[in-house]
Structure formats: structure tokens, C-alpha cells
Amino acid sequence: MLKDRCLIEPSDVTVEELEALFSLARGIEEDEAAYRDMCRGKILATLFFEPSTRTRLSFEAAMFRLGGNVLGFAEPGSSSSAKGESLADTVRTVSCYADLIAMRNPKEGSALLASRYATVPVINAGDGGHHHPTQTLTDLLTIKRIFGGFDGLTVGFCGDLKFGRTVHSLAGALSRYNGVKIVFVSPQELRAPAYVTTGLLKNAGIAYQETENLEDVIGTLDVLYMTRVQKERFFNEEDYIRLKDSYILTEEKMALARDTMIVLHPLPRVNEIAVEVDRDPRALYFQQARYGMFIRMALICSLLGLF
Ligand code: NCD
């Protein structure tokens, strides 16, 4: 279905192709044994120039569960980029060894650049504060499992909307569905960038609202997407310290939300969701991490032309 394509931004996959990925992920989840040898003899390279737990490990777990193999690095210091090798040369070389590349890099646009030089499909596993399309696949699959679809949902994003790449990717992906409303909750300094608000949402005719107050809007939401303040993207530590605890989701705030609202978070959580909220049946962030592995299994099969 997606044979030999790259996934750099969520819009690289059509709404119809997304639906096929969701179905495949469900099929895999329901009968993993049937897919155990699907990628036998295939190799995934994971090139991570930035820290990661879920994204890298879920890609690796996905490939292992499909019977394939994985090679790569988890920090740039152990690769030839430490000797000054260009990204272009690194991916050209890795294309000789692997059938597929998943890459995370702190520079915006790096995944697109890599895709121009690689001769195998490149999956963007996060390019700086720009996009994170496989997290979006994970988020969409979780929402779909709960609500059955996306039309008419009101989705709130709370926290660091400026640097949070998962926010940029998910908001853009949701703009393709009918009647979706977006509510952005952030301090002034961490508002969503214009390429998301006016660029993606306004152009698509999606209604959005911006506020600094979570309590005012939490009762209107179907989905609350909490995010971490992205420490590594700040130029100065004082600003980070001042803003890091702007929002903390507590049981008291959850009491203002609908019984049917779900809480998502791409993780890692730092302080923005109090641990007691984990007990709330509406808190789905660990379930979301599990869905991330199944959707990555579906994506790998699809890019390798196996579906
Ligand atoms: C996110 C990321 O890397 O952008 N994490 C993830 O992939 N699940 C969110 C974050 O780091 O805050």
C-alpha cells in the first residue's frame, strides 16, 4: 500500500491510507501469531541522534515481533556523525545495509533531507520541534479505538505547543476531518506556531481557540492531549524553570471534565500529570504507548510492500 514511500509528515499519508493502517494494526493486535514471520530477512535501521524510549523501543519491538532484525544507534556520539560525517552520507551508507530507516534528529527538516539521499524508505521519528508522524499514527489509533472516528471531536492540546512536535503533527492530521474543533491551552510564550494555526488549521477551515486557562475549557473536551515542556529546545534555563509547571493535571481538574473525555500524552511525563490521575479510567497514555507498537508494525509491513 505504501511500498517504498517515506513518512516525513502526517500529510504524506492520505486519510484512506490511514484507515488501512488502522485496520492492519487491529488485525495484527488480534492475531499477532499470523504476522510473526512477516519481516523475516528484513532489516530496520534506527538512527537516533536524540534521546528516546518509546519511539525507538517500539520500532525495535515492532520489527522483532514481525520476525525482522534491527541495527542502529541510540546516541550520535557512537556514530560517525561524531567524526563530522554528514547526514546525507550516513543515510546513503545505511541504505546499503537496511531495508528501512527510522530516524530522529534535533534539526527541523533533517528527515526530509535524509529522504532525499536514502535509497530505502525513511520514517521521521521526530525532527526537532517540527513533526513526529508516527506518534500521530499512535494518537489517532487511540482516539479511533475510543470514539470510532474523528469527525466532530473537540480536542484540547495543553502545555508546550510551540516546541511540541507531537502537537504540530496531530493538530495537522486532525484538520482533515469534518467538524473537528481544536482548543490550544498554553502560556503566551508557548503558543502553537503560525504554520500550525493559520497554516494548517485556518486553511482547512478548522475552528480553533487559544486560551491560557485549562479549567475554563476542560469541560468542553472529548480529548485532552497533555504535553511536556520541551526543556531541550529552550535557549535559556530560566525560561524553562519559569514555564515548566504551567499546567499540572490533577484529580480536581479531572473532576471538571466529561466522563467520556480521554487523556492522552505522548510521554515522557515530567510533572504535567499528577500520578494519582493514572488511576482514572479516562487516563489512556499507557494504553496509547501500546497502540504505538501495533501501528508501527502496520507501518513497517506497509512500507516494505507486504500489504
Ligand atoms: C515525544 C517526542 O519525542 O516528541 N515523545 C515521544 O516520542 N513519545 C514527546 C516528548 O518528548 O515530550
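How many bridges join strand S5 to strand S8? Four, and the two strands run parallel. That's a handy place to start looking around this structure, which is a predicted model.

Let's stay with S5 (residues 154–158) and S8 (residues 223–226) for a moment. Find Phe-157: its bridge partner in S8 is Tyr-225. Now zoom out to the sheet around them. It's an open sheet of five strands in the order S7-S6-S5-S8-S9, and the pairing is parallel. At the edges you'll find strand S7 (207–211) and S9, each of which pairs on one side only. As you step through this sheet, neighbouring strands are turned by 20° against each other on average, direction ignored.

Helices pack on this sheet too. Helix H5 (residues 133–147) touches S8 and S9, and its direction makes about 170° with that of S9. H7 packs on the sheet as well, touching strand S6 (181–185) and S7, with its direction at about 160° to that of S7.

H7 has another partner worth a look. The axes of helix H6 (residues 165–174) and helix H7 (residues 194–202) come within 9 Å and cross at roughly 10°. Where they meet, His-168, Ala-171 and Gly-172 in H6 face Tyr-195, Val-196, Leu-200 and Leu-201 in H7.

Now for the other sheet. Here four strands form an open sheet in the order S2-S1-S3-S4, with parallel pairing. Strand S2 (69–73) and strand S4 (122–127) are at the edges, and each has a single partner strand, so one side of each is left without a neighbour in the sheet. The twist from one strand to the next averages 15°. Strand S3 (residues 100–105) is joined to S4 by four bridges, and Met-103 has Asn-124 in S4 as its bridge partner. Helix H3 (residues 87–97) packs on this sheet, touching strand S1 (43–48) and S3, and its direction makes about 150° with that of S3.

What about the inside? In soluble globular proteins, nonpolar side chains tend to be buried together. Here, the largest nonpolar core has 59 residues, and the members that touch the most others are Phe-157, Leu-174, Ile-182, Phe-184 and Ile-300. Helix H11 (residues 285–303) gives the largest share of this core, 10 residues. Both domain 1 (10–131 + 292–303) and domain 2 (133–289) supply at least three residues each.

Asp-4 is exposed, with a relative accessible area of 54%, which is over the 50% cut-off.

Key
Residues numbered from 1 in each chain as written. Predicted model: local features only at pLDDT ≥ 70, side-chain atom pairs only at ≥ 80, totals over all residues. Heavy atoms only, no water. Core = buried A, V, L, I, M, F, W, Y, C linked by side-chain atoms within 4.5 Å. Buried < 20%, exposed > 50% of the residue type's maximum accessible area, 1.4 Å probe, protein only. Domains from an automatic or database assignment. Pairing = 2+ DSSP bridges. Axes fitted to C-alpha atoms, helices over the stretch in contact; angles between N-to-C directions. Contact = heavy atoms within 4.5 Å.
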